[in-house]
Amino acid sequence: MAEVMVRQQPARPALWQQPLVEKSWQERDYSLVVFPEGEGGEKVKQLAGNFHHTFRGGQWPQEAPLIELASFRAREAMEETLIRWIQRVCHMQRRFWVQLNGFCEKHSGGLYLQVQDHRPFTKIAGSLSVVDQYIQSCGGPPVDWIQAPHCRITDMANTNEYDQTKNWFSAQPFHADFFVHSLVLMKQVSDSGSAELVNVFPLLP
């Protein structure tokens, strides 16, 4: 009688032993931002620190000053493709100069510095339209491109802080400039608003 070979199936681990499945289907809020760099960036960080010291009893800001270029909602499973598309665009974009000139009106609950020339941001936004197309092709909402980017120095401010800050800026004008060397993709990782760095995209020299 011919021998019958039986291949034994490996025992499956108990449910409690199985690794948690990554929820790649989960949607997150993403933002494409610029962080002020160099000497100008240090001036902006110092300004944010002075604001918190003056109006919030020395509490250091939890969020770094930044300029938001775009925000969108997407599934985490889309990150690799998003990174490839953004990287491809940034590889064809040159670094550019940003000038911050004084205090601007409060919006979205925060306090901001004016960006003097929005044209470099508008140019990059136009080149990144492919990202918008990809997100919408996957059933996501359109990308929210910031039409007039500003540099955020604090994310939340009440009316009293806003009025005092406006007077503060009128008494001591502020100006800073810096080169933008890269764009940064961030995502919200909790309901509290804490953000996590996803990727950095260097621009051409």
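Because the model is predicted, local features need pLDDT of at least 70 and side-chain atom pairs count only at pLDDT 80 or more, while totals for chains, interfaces and linings use all residues, and side-chain values use heavy atoms, with hydrogens and water left out.

**The whole chain**

Start with a cartoon view: the protein has 5 helices and 9 strands. Both are DSSP runs numbered from the N terminus, with helices being H or I of at least four residues and strands E of at least two. Along the sequence they follow the pattern β-α-β-α-β-β-α-α-β-β-α-β-β-β. Of the 205 residues, 40% are buried, where buried means under 20% relative accessible area with a 1.4 Å probe and protein chains only. Among contacts with a separation of 6 or more, 78% join residues 24 or more positions apart; contact means heavy atoms within 4.5 Å.

**The nonpolar core**

Next, select L32, I67, V98, L100, L113, L128 and L183. In the largest nonpolar core, which has 49 residues, these touch the most other members. Such a core is a set of buried Ala, Val, Leu, Ile, Met, Phe, Trp, Tyr and Cys residues joined through side-chain atoms within 4.5 Å. Now centre on I67: leaving aside neighbours within four places in sequence, its contacts include L32, V98, L100, F121 and F178.

**Helices α2 and α4**

Select residues 79-90 for α2 and 129-137 for α4; they pack at an angle of about 165°, with their axes 9 Å apart. That makes α2 roughly antiparallel to α4, a word used for angles over 145 degrees. Axes here are lines fitted to C-alpha atoms, for helices over the stretch in contact, and angles run from 0 to 180 degrees between N-to-C directions.

Show side chains, and you will find T81, L82, W85, I86 and V89 in α2 meeting V130, V131, Y134 and I135 in α4. By class, this contact of α2 with α4 has 8 nonpolar, 1 polar and no charged residues. Ala, Val, Leu, Ile, Met, Phe, Trp, Tyr, Cys and Pro count as nonpolar, Asp, Glu, Lys and Arg as charged, and the others, Gly among them, as polar.

Stay on α4, whose buried residues are V130, V131, D132, Y134 and I135. Their cover includes β2 (66-75), α2, α3 (119-127) and β5 (144-145). Just after α4, look for G139, which takes a positive phi of about 90°.

**Two single residues**

Back in helix α2, pick Q87. Q87 is buried, with a relative accessible area of 18%, and it touches N199, V200, F201 and P202, not counting residues up to four places away in sequence.

Then move to S71 in strand β2. Beyond four places in sequence, S71 is in contact with Y30, S31, V143 and D144.

**Helices α1 and α5**

For the last stop, select 38-55 (α1) and 159-171 (α5), which pack at an angle of about 125° with axes 12 Å apart. L47, N50, F51, T54 and F55 in α1 meet E161, Q164, T165, W168 and F169 in α5. By class, this contact of α1 with α5 has 5 nonpolar, 4 polar and 1 charged residues.

Notes: Residues numbered from 1 in each chain as written. Parallel < 35°, antiparallel > 145°, perpendicular 65-115°, else oblique. Buried < 20%, exposed > 50% of the residue type's maximum accessible area, 1.4 Å probe, protein only.
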